[in-house]
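Hi everyone, thanks for coming.

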Amino acid sequence: MTIVKGGSFLFEDRSPNDVFTREDISEEQQMFAGVAAEFMQKEVVPRAEQIYAKDWPLTRELLLKAGELDLLRIDIPEAYGGMGLDKVSSAYVGEQIALMPSFGASLGAHTTIGTLPIVYFGTAEQRAKYLPKLATGELVAAYCLTEPGSGSDALAAKTKATLSEDGKHYILRGQKMWITNGGFADIFIVFAKVDGEKFTAFIVEKGPGVVPGHEEKKLGLDGSSTTAVMLEDAKVPVENVLGEIGKGHVVAFNILNLGRLKLGSRNIGGAKFALNNAIAYSKERHQFSRPIASFGLIKRKLAEMAVRCYVGDALVWRTLGAIDQSLETVDANDPMQALKAIDRSSRSGRVKLWRW
C-alpha cells in the first residue's frame with residue numbers, strides 16, 4: 001500500500017486511483033450519514049426557535065437523542081462504549097449536522113475537541129471513567145484553551161495550576177474565553193501552567209470553582225453556548241492530569257488538528273446549504289419581469305460559489321481518504337500510533353508538527 005502524505009500532491013505526481021473523492025464513500029457510510037441527516041431534519045430543525053432562544057436543557061436532550069442514534073460515539077473506541085469508525089464516516093456525519101449550524105457546533109465541539117483529548121491522551125482509567133458517558137451524551141464536554149490574552153499564541157496562557165499541600169489536587173486559577181458548550185458542559189478540557197511554567201492539560205469536572213460566564217453576543221451560531229469559564233481555585237485531582245505535565249501543547253494542537261477534520265466537512269456542508277438557498281432565491285426574485293437567475297452577473301456569482309464548494313469538497317475528502325489509508329497501517333487500539341499516522345497523512349512531510 002502506498003501511503004500518501006497530505007500535501008505531497010503539490011510536488012509529486014499522483015494516480016487518480018490514489019485520490020479519495022466523495023464518489024468513493026461506501027454505501028454503509030452513506031447509510032450512517034443518512035441517520036444523522038434524518039435526525040437533523042426531524043428532531044433538530046423543527047426546534048430551531050427554541051435552540052436559538054438558548055434552551056440548553058433542550059440542547060442536552062437532543063444530544064442524548066443523538067447518543068441513542070450512535071452519533072456521539074463514532075470516534076470513541078469500542079472498548080469504551082464507542083464504535084471506533086473511520087474518519088470518513090465521522091466527517092460525513094459532520095457534514096449532515098451542518099443543516100442546523102448552532103446545534104452542529106454544540107455536537108461537534110462535544111464529539112471532537114471535547115472528547116478526543118481523552119480518547120488519544122487519557123489513561124485507561126480516565127477513558128473508562130469518562131468515555132462511555134460522553135458516548136451517550138450523559139456527559140457533555142468542552143475545550144478550554146483560549147484566554148483573554150492568548151489565542152493563537154496558546155503557550156502564553158496565564159491560567160495557573162498549583163499542587164495542593166497534601167499532593168492530592170491541583171488548584172487551578174485563571175480565565176478561559178469563548179468556550180463552546182461553556183454554559184452547560186459537565187467536563188472541561190482545561191490547559192494551565194503548573195507552577196506558572198509547565199503548560200499542561202487537565203480533565204476538569206463541573207463543580208465548585210468552575211464558573212461559566214455570561215453568554216456571548218455573537219453575529220452567528222446564536223443557538224450554541226459560548227461563554228467565558230472562570231477557574232476560581234478549582235480543585236482537580238492529580239489523576240486528572242491529561243497526558244504529561246509540561247506537554248500540554250502536544251494535546252492542544254494535535255486535538256485541534258483532529259477537530260478540524262470534521263469541522264472542514266461541516267463547513268462545506270454549510271456552504272452547500274447556502275448555495276442551494278441562493279439558487280432558490282435567485283429563481284424566486286424577479287426584476288424586469290424575469291428571475292434574477294437569468295442575469296449573467298447572478299449566474300457568475302452562483303457559479304463561483306459552486307466552484308468553491310467543489311474545491312473545498314475535494315480537499316476535505318482527499319485528506320480524509322489519505323488519513324484513513326494511513327490508519328489502516330497501524331494498531332487502531334494504540335492512540336499514539338493513530339495520532340502519528342494522522343499526522344503523517346495530513347501534512348506534506350516537510351513541516352514539523354507538535355511532537356512528543
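Let's start on the outside. Val307, Tyr310, Val311 and Leu315 make up a nonpolar surface patch, and together they have about 420 Å² of accessible area. Please keep in mind that this is a predicted model. Take Val311 as one member of the patch: this residue sits in helix H9, residues 296-327, and it is partly exposed, with 43% relative accessible area.

Now to the open spaces. The largest pocket has a volume of about 740 Å³. Its lining is made of 29 residues, and those closest to the centre are Ile113, Tyr143, Thr180, Leu256 and Leu263. Which element gives the most to that lining? That would be H8, with eight residues. Helix H8 covers 248-284, and helix H5 (101-114) and strand E3 (169-180) also supply at least two lining residues each.

Searching the whole structure turns up two cavities of 30 Å³ or more, and the largest cavity holds about 80 Å³. Its lining includes Asp75, Ser90, Lys262 and Leu320. The elements giving two or more residues to this lining are H4 and H8.

Let me stay with Ser90 for a moment. Ser90 belongs to helix H4, residues 87-96. Is Ser90 buried or exposed? Its relative accessibility is 4%, so Ser90 counts as buried. Leaving out residues up to four places away in sequence, Ser90 touches Ile74, Asp75 and Lys262.

On to the charges. The structure holds 16 salt bridges, and I picked a few for you. In one of them, Lys42 pairs with Glu38, with the closest N and O atoms 2.8 Å apart. The two are four residues apart in helix H1 (residues 27-44), so about one helical turn separates them. Lys42 is exposed at 55% relative accessibility, while Glu38 is partly exposed at 40%.

Then there is Lys65 with Glu43, where the closest N and O atoms are 3.3 Å apart. Because Lys65 lies in helix H3 (residues 56-68) and Glu43 in helix H1, this pair ties together parts that are 22 residues apart in sequence.

Asp186 forms a salt bridge with Arg60, at 2.7 Å between the closest N and O atoms. This pair links distant parts of the chain, 126 residues apart: Asp186 is in the loop between E3 and strand E4 (187-194), and Arg60 is in helix H3. Asp186 counts as buried, at 12% relative accessibility.

Key. Residues are numbered from 1 along each chain as its sequence is written. This is a predicted model: local features need pLDDT of at least 70, side-chain atom pairs count only at pLDDT 80 or more; totals for chains, interfaces and linings use all residues. Side-chain values use heavy atoms; hydrogens and water are left out. Buried means under 20% relative accessible area, exposed over 50%, partly exposed in between (1.4 Å probe, protein chains only). Contact means heavy atoms within 4.5 Å. Patches are made of residues with over 30% relative accessible area and no salt bridge: like charges are joined within 9 Å, nonpolar side chains (Val, Leu, Ile, Met, Phe, Trp, Tyr) within 5 Å. Accessible areas come from the Shrake-Rupley method with a 1.4 Å probe; for residues, only the protein chains shown count as cover. A salt bridge is a side-chain nitrogen of Lys or Arg within 4 Å of a carboxyl oxygen of Asp or Glu. On a 1 Å grid over the protein atoms alone, a cavity is a set of points where a 1.4 Å probe fits but cannot get out, and a pocket is an open set with protein on both sides within 12 Å along at least five of seven lines; lining residues have an atom within 4 Å of a point. Grid points are joined across faces, edges and corners, and a volume is the space filled by probe spheres set on the points.
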